[in-house]
Amino acid sequence: MVAVVSVGDQVWIDTDRDGLQSAGEPGVEGVTVNLYDSSGAVVATTTTDEEGFYSFTDLLAGADYTIEFVKPADWSFTTPNAGSDPGLDSDADVVTGRVAITAPLSGTNSATMPDDPSIDAGFVRYNLTLAKVLETSGDITVGDEVTFKLTPRNDGPSTALAGWSVTEVLPAGLTFVSMSGTGYDCTGTTCVASEALSGGTDGPVITVVATVSGKKDLRNVAYVDKSPEDVDETVPLGPVPTPGTDTDETATDNDAQVSVVLKVPDLARTGFEAGPWLLSGAGLLILGAILLLVARLRGPRRRDYSDGSSPA
């Protein structure tokens, strides 16, 4: 008689991105886990409980199987086989979510204390967002310098790898002066973060300075993007914003915009406002035109010679 055994372990969120189950990292409930035999047939399916735990029983001792962790939408697998403890690492392939195993040669076939308690999977999920404000107050006119503050954030729960970046997209009418922030390598209108950004935290503020060179109201756009080495976010950036992008209409939350409303300068003469002067000047012209019209309508006055007098 062939002995039967059990396998199982944890599905968890790798918040610190080290590929290992660390203290305080939560389990993921409701993840589907499939068990395939050596022929590729599904022999069992289960879902993780509220702690992220799963198990399979009645595996043939010493037989080959494949376990598949079905990745939820907008999630990614963490780095597999990190460290030296197989009970703490993630076994799932980052693309397929599968791992080939050989069932233990013996055991108790327990569903709650698996004979092989080391077949697990770590998930990664994070989402970068950006807030942008105009720091400059008061009236803004052509030639003024304006300052913007950009605050990136990672909604988490996992850490975003170092190398994420913030890019300013200046429209025509704003001339770039500077872009800077602590903890960034800034070149031109892009700042690249030198440190990872933990889930649920804001990144260092970035300051952008530009000069107003246009004569109409402006919309200034910026966006945050993941490291090229990182997995996809929950809500990816999508099309890269351009100066004409209206971030209120995009599907991503990686972009932000702020309006710069320019003050129209008053048309004035030296020493007094032009409005009353123009009105008074126009009034004089109209009055003169009316007097001239009246004079023409009356014509020259003729003298009455009916009394017998004669013209001189």
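Which residues have the most contacts inside the largest nonpolar core? The close-up views below, all taken from a predicted model, start there.

**View A. The largest nonpolar core.** This core has 29 residues, and those with the most contacts inside it are Phe148, Leu150, Trp164, Val166, Leu174 and Ile206. Two or more residues each come from strands S9 (128-134), S10 (145-154), S12 (174-180), S14 (190-193), S16 (206-212), S17 (218-225) and S18 (255-260). Strand S16 gives the largest share, 4 residues. In soluble globular proteins, nonpolar side chains tend to be buried together.

**View B. The surroundings of Val166.** Setting aside neighbours within four places in sequence, Val166 is in contact with Leu130, Leu150, Pro152, Met179, Thr189, Thr190, Cys191, Ile206, Tyr223 and Val224. For orientation elsewhere in the model, a second, separate core of 24 residues includes Ala63, Phe69, Val99 and Ala121.

**View C. Asn34 in strand S2.** Asn34 sits in strand S2, which covers residues 32-37. Its relative accessibility is 11%, so Asn34 counts as buried. The side chains of Asn34 and Thr45 are joined by a polar contact of 2.9 Å. Residues up to four places away in sequence aside, Asn34 touches Ala44, Thr45, Phe56, Thr66, Ile67, Glu68 and Val70.

**View D. A nonpolar patch on the surface.** Here Val2, Val4 and Leu60 together have about 230 Å² of accessible area. Val4 belongs to strand S1 (residues 4-13), and its relative accessibility of 32% makes Val4 partly exposed.

**View E. The salt bridge between Asp230 and Arg17.** The structure holds 5 salt bridges, and in this one the side chains meet at 2.6 Å, N to O. Asp230 lies in the loop between S17 and S18 and Arg17 in the loop between S1 and S2, so the pair ties together parts that are 213 residues apart in sequence. Both Asp230 and Arg17 are buried.

**View F. The salt bridge between Glu168 and Lys132.** The closest N and O atoms of this pair are 2.8 Å apart. Glu168 in strand S11 (residues 165-169) and Lys132 in strand S9 are 36 residues apart, and the pair links distant parts of the chain. Glu168 and Lys132 are buried.

**View G. A network of salt bridges.** Arg153, Asp155 and Asp202 are linked in this network. Between Asp202 and Arg153, the closest N and O atoms are 2.9 Å apart. Asp202 is in strand S15 (residues 201-202) and Arg153 in strand S10, 49 residues apart. Asp202, at 46% relative accessibility, counts as partly exposed, and Arg153, at 30%, also counts as partly exposed.

Note on methods
Residues are numbered from 1 along each chain as its sequence is written. This is a predicted model: local features need pLDDT of at least 70, side-chain atom pairs count only at pLDDT 80 or more; totals for chains, interfaces and linings use all residues. Side-chain values use heavy atoms; hydrogens and water are left out. Buried means under 20% relative accessible area, exposed over 50%, partly exposed in between (1.4 Å probe, protein chains only). A polar contact is a pair of N or O atoms within 3.5 Å; within protein, one must be able to donate a hydrogen and the other to accept it, and residues adjacent in sequence count only if both atoms are side-chain atoms. Contact means heavy atoms within 4.5 Å. A nonpolar core is a set of buried Ala, Val, Leu, Ile, Met, Phe, Trp, Tyr and Cys residues joined through side-chain atoms within 4.5 Å. Patches are made of residues with over 30% relative accessible area and no salt bridge: like charges are joined within 9 Å, nonpolar side chains (Val, Leu, Ile, Met, Phe, Trp, Tyr) within 5 Å. Accessible areas come from the Shrake-Rupley method with a 1.4 Å probe; for residues, only the protein chains shown count as cover. A salt bridge is a side-chain nitrogen of Lys or Arg within 4 Å of a carboxyl oxygen of Asp or Glu.
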